[in-house]
Amino acid sequence: VSFADLKMQKTVVDPLRRSLQRGRLAHAYLFTGSRHECRDMETVARSLAKALNCLQREHDFCDRCDSCTRIERGAHPDMYWVRPESKSRRITVEQIGEFEQAVNLRANMARVKLGVIVDADCMGEEAGNGFLKTLEEPPAQTIMLLLSAEPQRLLPTILSRCLKIPFLATRPVAETGAPYRAKLLPLLLKFSARGQDRIVGAYQLHADITGLLREIQDSTRKQLEAEANLDRYEELDPKVRDKLDAQLQARVEGEYRANRERLLEELYSWFGDVLLCVENADEKFLVHRDQAGAARRAAAGLTYAQAAENLDAVEQIRDSLARNIPEPLALEVGLLKLAQ
Ligand SMILES: [Zn+2]
């Protein structure tokens with residue numbers, strides 16, 4: 001394995017590699033993406049650590065030398081990993097204190113030390129403030145990586161000091177998403193059309209997507225009701241009928257949520273493709289290659305930061321819904337953040 005083999009996260013690996021080759025890495029990075037990308041984030045963190053310290057290769061890694069194998073085994077003395085405690089799911093003030101001490105020590109064998117905070121959003125305010133001190137006075141020859149699927153929970157003062165690197169969804173989009181994709185695309189194209197007020201466009205998209213969700217809810221309900229064959233209920237005891245009815249409603253709700261998640265996945269992969277187009281990535285990396293032209297038009301005029309924030313906005317909607325924040329609120333807050 002070397003950098004060239006990390007094809008899964010081209011938008012991540014290429015910019016990091018370029019900075020590495022130019023010797024212009026930032027002091028601190030924030031890797032963000034959905035929960036599904038967490039494993040990739042850790043792989044890239046380890047790869048970066050290896051490339052910075054490999055004894056065989058420059059700006060890349062061999063995965064065989066003493067330094068590379070130690071990093072792979074988690075046994076390198078200059079690589080510090082912090083993870084939430086398994087029980088409380090918190091990163092404690094004590095952990096951050098130890099981290100700060102460790103990264104400030106002279107390196108044992110590394111050229112560049114690496115401090116990685118996995119699930120950085122699990123730092124509470126106190127731990128976060130402790131970490132902020134380390135960020136404000138970064139130790140020499142040290143790179144810090146924050147990994148987070150919910151960056152909006154981090155202190156803004158931490159966010160502003162880290163260079164953000166979004167990880168895009170690499171899972172193949174479920175085939176079941178296809179019927180919505182056809183309906184979603186025109187709405188997204190309308191939104192990204194030039195020459196309209198951003199807020200007006202965002203409200204329109206909000207209305208359009210809300211409408212599409214109602215449509216999905218109705219068709220889900222009709223389909224399940226048809227399968228349940230409600231007519232036969234008439235002959236049943238009212239008590240049994242109520243029970244079956246409640247069961248049906250629960251199924252409708254569950255199925256609707258699954259369909260809603262598919263729609264959001266579509267939305268996410270669309271903004272991911274737009275981000276790739278902003279970066280002039282090759283078409284073969286797009287999730288929806290058939291919509292490459294549209295994604296490129298949507299990308300025109302967007303900065304990398306804007307495109308990355310759009311992706312965050314969609315991720316925030318998914319997070320909010322997962323935490324049972326009411327759908328209208330989750331949608332409004334997320335969609336109104338979108339930039340065109
Ligand atoms: Zn090596």
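Q: Does α9 pass α10 in a left-handed or a right-handed crossing?
A: The model is predicted, so local features need pLDDT of at least 70 and side-chain atom pairs pLDDT 80 or more, while totals for chains, interfaces and linings use all residues. Residues are numbered from 1 along each chain as its sequence is written, and side-chain values use heavy atoms, without hydrogens or water. Helices are DSSP runs (H or I, at least four residues) numbered from the N terminus. With a crossing called right-handed if the near helix is turned clockwise from the far one by less than a right angle, and left-handed if anticlockwise, the crossing of α9 and α10 is right-handed.

Q: At what angle do helix α9 and helix α10 pack?
A: Helix α9 spans residues 238–278 and helix α10 residues 292–299, with axes (lines fitted to C-alpha atoms over the stretch in contact) 8 Å apart. α9 is roughly perpendicular to α10 (65 to 115 degrees), since their packing angle is about 70°.

Q: Which residues of α9 make the contact with α10?
A: Contact means heavy atoms within 4.5 Å. α10 contributes A292, A294, A295, R296, A298 and A299, and α9 contributes W270, D273, V274, C277 and V278.

Q: What arrangement do the four donor atoms around the zinc ion have?
A: The donors (N, O or S atoms within 2.8 Å of the metal) are the SG atoms of C54, C62, C65 and C68, at 2.3 Å. Their angles run from 102 to 118°. Because four donors with all angles between 85 and 135 degrees count as such, the arrangement is tetrahedral.

Q: What is the relative accessible area of C54?
A: C54 lies in the loop between α2 and α3, 11 residues from C65. C54 is buried (under 20% relative accessible area), with a value of 2%.

How values were computed:
Donors = N, O, S within 2.8 Å, 3.2 Å for Na, K, Ca; no water. Tetrahedral: all angles 85-135°; square planar, octahedral: opposite > 155°, others 65-115°. Helix = DSSP H or I, 4+ residues; strand = E, 2+ residues; numbered from the N terminus. Buried < 20%, exposed > 50% of the residue type's maximum accessible area, 1.4 Å probe, protein only. Axes fitted to C-alpha atoms, helices over the stretch in contact; angles between N-to-C directions. Parallel < 35°, antiparallel > 145°, perpendicular 65-115°, else oblique.
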